[in-house]
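Welcome! Let us take a walk through the inside of this protein, stopping at a few side chains along the way.

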Amino acid sequence: MLRSCALRLRTPGLVRCLRGGAPLPARDPWSPRRSFSAEVSHVDHSLPNPSWSKDMRLLFDQFMKKSEDGSWQRLPSYKSKFSPKTEEQMKVFFSDAKPIKEQRSQPQLFPRNFEEGLGFEYVMFHNHAEDKTVCIFQGGPYLQGAPGFLHGGAIATMIDSTFGISALIVGGIVMTASLNINFKRPIPLYSVVVINSQVDKVEGRKLFLSCNVQSVDEKTLYSEATSLFVKLDPKKSLT
């Protein structure tokens with residue numbers, strides 16, 4: 001069972017804008033100002049870069065076109081770590097967590113810690129009316145498993161991340177309780193796939209989601225997955 005906090009991709013402005021229809025924030029309001037590199041904190045990595053293939057850029061342009069009427073919205077994505085405020089909020093849910101006294105390097109969001117084109121290249125779009133999130137994903141050479149193909153853990157990471165965005169928009173601060181993936185075919189390195197995720201139902205604090213991973217032309221099904229997320233309640237301990 002994989003457990004990962006969907007808060008890792010969450011910004012309060014993101015959720016508010018998706019619910020209210022206001023423009024997305026220019027940067028993550030939880031990202032602290034840092035002097036070592038403004039680029040690390042404030043560059044939106046969901047925008048095209050030179051490593052994006054023709055297929056990925058084409059899909060990006062298609063969804064940007066769909067976003068013009070407000071039915072879809074692009075979700076910004078940054079490398080930055082969480083602010084002290086966010087870390088304090090997490091302590092409410094994990095009161096027994098011991099603080100790390102020493103950090104030898106600056107924490108960054110896992111799927112964003114590779115140089116352009118070497119790891120996870122992706123952009124997500126959300127449709128609030130349908131509770132759907134689409135992730136356009138291109139896997140680089142540092143994600144190899146079997147020769148010439150993506151590692152299963154890499155696609156699992158992107159499935160979980162896409163599920164997490166869908167769940168947090170509906171449920172707020174949530175955590176993965178279970179993640180089940182059926183791998184149908186291996187994904188070639190450098191290819192572009194589309195992860196189609198949706199919230200199927202909500203029962204109290206439980207959110208049930210499903211998704212499929214398809215080729216750009218929708219002719220090849222690479223994976224199918226289901227997941228259960230649980231909305232965290234500060235009044236109920238998880239320990």
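Thr162 is buried, with a relative accessible area of 0%; buried means under 20% relative accessible area, exposed over 50%, and partly exposed in between (1.4 Å probe, protein chains only). Please keep in mind that this is a predicted model, where local features need pLDDT of at least 70, side-chain atom pairs count only at pLDDT 80 or more, and totals for chains, interfaces and linings use all residues. Residues are numbered from 1 along each chain as its sequence is written, and side-chain values use heavy atoms, with hydrogens and water left out.

Thr162 is part of helix α5 (residues 152-171). Helices (H or I, at least four residues) and strands (E, at least two) are DSSP runs, numbered from the N terminus. Leaving aside residues up to four places away in sequence, Thr162 touches Met124, Thr133, Cys135, Ile195 and Ser197, where contact means heavy atoms within 4.5 Å.

Cys135, one of those partners, also counts as buried, at 0% relative accessibility. Cys211 is in no disulfide either, and is buried with a relative accessible area of 7%.

Now for the aromatic rings. Rings of Phe, Tyr and Trp (its six-membered ring) pair if their centres lie within 6.5 Å; planes under 30 degrees apart count as stacked, over 60 as edge-to-face and the rest as tilted.

| Pair | Arrangement | Centre to centre | Between the planes |
|---|---|---|---|
| Trp52 and Phe60 | edge-to-face | 5.5 Å | 70 degrees |
| Phe120 and Phe137 | stacked | 5.9 Å | 25 degrees |

Phe120 lies in strand β2 (residues 120-127) and Phe137 in strand β3 (residues 132-139), so their pair ties together parts that are 17 residues apart in sequence. Both Phe120 and Phe137 are buried, and Trp52 and Phe60 are both buried too. Trp52 and Phe60 also belong to one aromatic cluster with Phe63, Trp72 and Phe125.

Phe63 has a charged neighbour as well: the charged end of Lys66 sits over the Phe63 ring, 4.4 Å from its centre. A charge sits over a ring if NZ of Lys or CZ of Arg is within 6 Å of the ring centre and within 35 degrees of the ring normal. The charged end of Lys201 sits over the ring of Phe208, 4.9 Å from its centre.

Methods
Disulfide = S-S within 2.5 Å.
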